[in-house]
Amino acid sequence: MGRDPLDWFGAIRDASRQRSDRESRAKSSLLRLWIVGRAFFAFAAIASLLGGVVPSVGQESNSLAADARIAGHKFALQVCAACHVVAKDQTTRPILKPPAPSFLRIMRRPSVTEAFLRGFLRTPHGKMPNPELADFQIDEVVAYMLSLEQKK
């Protein structure tokens, strides 16, 4: 026997359940994609530590590092450029007067290492608000900043 056509509450409940099921499937798909991506990144990192035992993975690892640098550059232009000069191609000026130290100036400090940058970006410090970045965002920003160090 079918539903009463005037049963609006039942129709709304069913539509809500269908939407909830779609959202749940989408979230689990994104989670699986994230896990696979992290596993691939870990595999590439281990392979590169082994001295390129698998040459194609080492080459992909280099392209992943380049992708991380590019993503970090874009992210820094969007988020960090409000206070810092992050790149020569930055189109907006920092709003702080005077601006916070430029990324290049930060990277010229002898005490700045990859570990220092990661810790610095994970915790509140000085006048800078806690950026509360995700791990992948920290990876990208650190990759970009370390690439500036190579251009000294």
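Begin with the second largest pocket, whose volume is about 600 Å³. A pocket here is an open set of points on a 1 Å grid over the protein atoms alone, where a 1.4 Å probe fits, with protein on both sides within 12 Å along at least five of seven lines; lining residues have an atom within 4 Å of a point. The volume is the space filled by probe spheres set on the points, which are joined across faces, edges and corners. The model is predicted: local features need pLDDT of at least 70 and side-chain atom pairs pLDDT 80 or more, whereas totals for chains, interfaces and linings use all residues. Residues are numbered from 1 along each chain as its sequence is written, and side-chain values use heavy atoms, without hydrogens and water.

Select His84, Ala100, Phe120, His125 and Met128, which lie nearest the pocket centre among its 24 lining residues. Helix H4 (114-122) is one of the helices that supply at least two lining residues; H4 gives the largest share, 4 residues. Helices are DSSP runs (H or I, at least four residues), numbered from the N terminus.

Stay on H4 and select Arg118. The side chains of Arg118 and Asp139 are joined by a polar contact of 2.7 Å (a pair of N or O atoms within 3.5 Å, one able to donate a hydrogen and the other to accept it; residues adjacent in sequence count only if both atoms are side-chain atoms).

Next, select Tyr144. Beyond its neighbours within four places in sequence, Tyr144 is in contact (heavy atoms within 4.5 Å) with Arg69, Gly72, His73, Ala76, Val86, Ala87 and Phe103.
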